[in-house]
Amino acid sequence: MQETISQYTSEIKSFQAKSQDELESFRIRFLGTKGIIKDLFEAFKTVSSEEKRVLGKVLNEFKQLAEAKYQTLRESLESLDTQTESGQDLTLPGEGFELGARHPLSLVRKEISEILKKQGFNVAEGPEIEDDWHNFSALNFPEEHPARDMQDTFFIKKGGEKGDIALRTHTSSVQVRMMEAGKPPFRAIMPGRVYRNEAISARAHCFFHQVEGLYIDENVSFADLKQTLFHFVQELFGEVTKVRFRPSYFPFTEPSAEMDISCSICKGEGCQFCKHSGWVEILGCGMVDPNVLENCNIDSKKYTGYAFGMGIERITNLKYQIKDLRLFSENDIRFLKQFQSEMI
Ligand code: PHE
């Protein structure tokens with residue numbers, strides 16, 4: 001009997017299963033209810049008690065060997081099953097990948113647009129490279145206005161059909177393009193990048209972003225402007241936000257104003273951000289000057305309208321308490337990662 005066992009032992013050791021069927025035959029042959037091991041145990045009952053002492057151990061070891069072999073073969077066949085022909089295991093967990101985060105300026109631009117879209121504004125865009133007419137002249141800038149100065153404007157080319165070519169210094173140029181291209185009423189916002197020739201520091205940059213607003217129709221009044229902006233800041237900064245308008249000057253609006261909101265960081269108590277005044281300026285606005293309407297072939301006797309323009313960086317600074325403008329364009333991943341990630 002010992003000899004039979006040792007023959008079977010070497011058979012088991014060298015056995016390889018290439019399929020589930022082969023493995024199953026192995027199981028039936030050795031471990032099945034009518035299998036070899038069962039028979040051996042039956043035969044074991046008939047041997048002398050002297051032999052039993054030695055054989056018992058051998059037999060048990062043999063049984064364990066067969067079981068272990070079956071187990072190993074089963075596992076390796078299972079893992080083979082999950083592999084593709086080229087050997088990739090499709091059951092392995094995937095490698096996690098990190099979602100990017102939206103740029104804070106994009107987040108705020110989107111928020112501003114969503115709020116104003118609800119108030120009936122469409123979204124429009126215009127070119128960043130502009131001529132003098134759209135950036136200045138049509139907007140009623142006098143010939144000698146300092147904003148036309150080389151110090152503020154990045155000029156690209158002298159002359160041209162509609163004056164010098166430059167990088168737009170504000171999104172108000174898109175107002176002109178919109179009014180020239182269509183017929184009133186207009187109610188649109190125009191987000192975009194603008195450029196000014198300034199030394200780069202924490203508080204100034206040579207490019208930044210604005211959102212322009214324009215509403216032209218019959219009987220539009222300053223009260224409409226105030227109401228729109230009031231609701232806008234309440235949605236953007238919360239209902240506790242207070243607003244105040246200060247008289248100001250822009251060549252393209254009359255009357256003109258600047259709008260302050262109660263500082264959203266210190267809630268008007270006074271902090272470094274609002275220079276301890278409790279107020280921060282967020283935009284310029286006013287009633288579109290009749291000269292601008294006429295420059296764009298709109299009857300200023302029939303139509304009136306308002307315009308406003310705000311800096312996205314400034315609003316983002318307030319919302320996220322960012323104190324250095326340079327962070328927005330440095331692409332420091334540690335800065336960018338902090339903002340809400342979102343599927344595009
Ligand atoms: N264009 C102005 C600026 O860049 C902002 C503004 C827009 C003011 C519309 C009034 C009306 O400062």
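Me: Where is the place of Lys-275?

Reply: Lys-275 sits in the loop between strand 8 and strand 9. Strands here are DSSP E runs of at least two residues, helices are H or I runs of at least four, and both are numbered from the N terminus. This is a predicted model, where local features need pLDDT of at least 70, side-chain atom pairs count only at pLDDT 80 or more, and totals for chains, interfaces and linings use all residues. Residues are numbered from 1 along each chain as its sequence is written, and side-chain values use heavy atoms, with hydrogens and water left out.

Me: Why is Lys-275 called exposed?

Reply: Its relative accessible area is 63%. Exposed means over 50%, buried means under 20%, and partly exposed lies in between (1.4 Å probe, protein chains only). So Lys-275 counts as exposed.

Me: Why is His-276 called exposed?

Reply: His-276 is found in the loop between strand 8 and strand 9. The relative accessible area of His-276 is 60%, so the label is exposed.

Me: What makes the phi of Lys-275 worth a remark?

Reply: Phi of Lys-275 is near 50°, a positive value in a residue other than glycine. Phi of His-276 is positive too, near 60°. Most residues other than glycine have a negative phi.

Me: Which residue with a positive phi follows helix 10?

Reply: Gln-321 does, with phi near 55°.

Me: Why is Phe-308 called buried?

Reply: The relative accessible area of Phe-308 is 2%, so Phe-308 is buried. Phe-308 lies in strand 10 (residues 304-311).

Me: Which residues is Phe-308 in contact with, leaving aside its neighbours within four places in sequence?

Reply: Among them are Leu-116, Phe-121, Ile-189, Val-211, Leu-225 and Leu-283. Contact means heavy atoms within 4.5 Å. Val-58 is 250 residues from Phe-308 in sequence and 95 Å away in space, C-alpha to C-alpha.

Me: Which residues of helix 10 are buried?

Reply: In helix 10 (residues 312-320), they are Ile-312, Glu-313, Ile-315, Thr-316, Asn-317 and Leu-318. The buried residues of helix 10 pack against helix 5 (104-118), helix 8 (222-237), strand 6 (207-217), strand 8 (253-262), strand 9 (279-288) and strand 10.

Me: How do you know that the peptide bond from Pro-184 to Pro-185 is cis?

Reply: Omega of that bond is near 5°. Pro-185 is in the loop between helix 7 (172-181) and strand 5 (186-195). The bond from Glu-254 to Pro-255 is also cis, with omega near -5°. Pro-255 is found in strand 8. Most peptide bonds are trans.

Me: Why is the chain called more spread out than a compact globule?

Reply: The chain has eleven helices and ten strands. Its radius of gyration is 40 Å, while the globule rule gives 20 Å for 344 residues, so the chain is more spread out than a compact globule. The radius is taken over C-alpha atoms, and the rule is 2.2 Å times the number of residues to the power 0.38. The C-alpha atoms fill a box of roughly 125 × 50 × 40 Å, taken along the principal axes.

Me: How many Å separate the centres of domain 1 and domain 2?

Reply: The centres are 83 Å apart, taken over C-alpha atoms. Domain 1 covers 2-86 and domain 2 covers 104-342. The bounds come from an automatic or database domain assignment.
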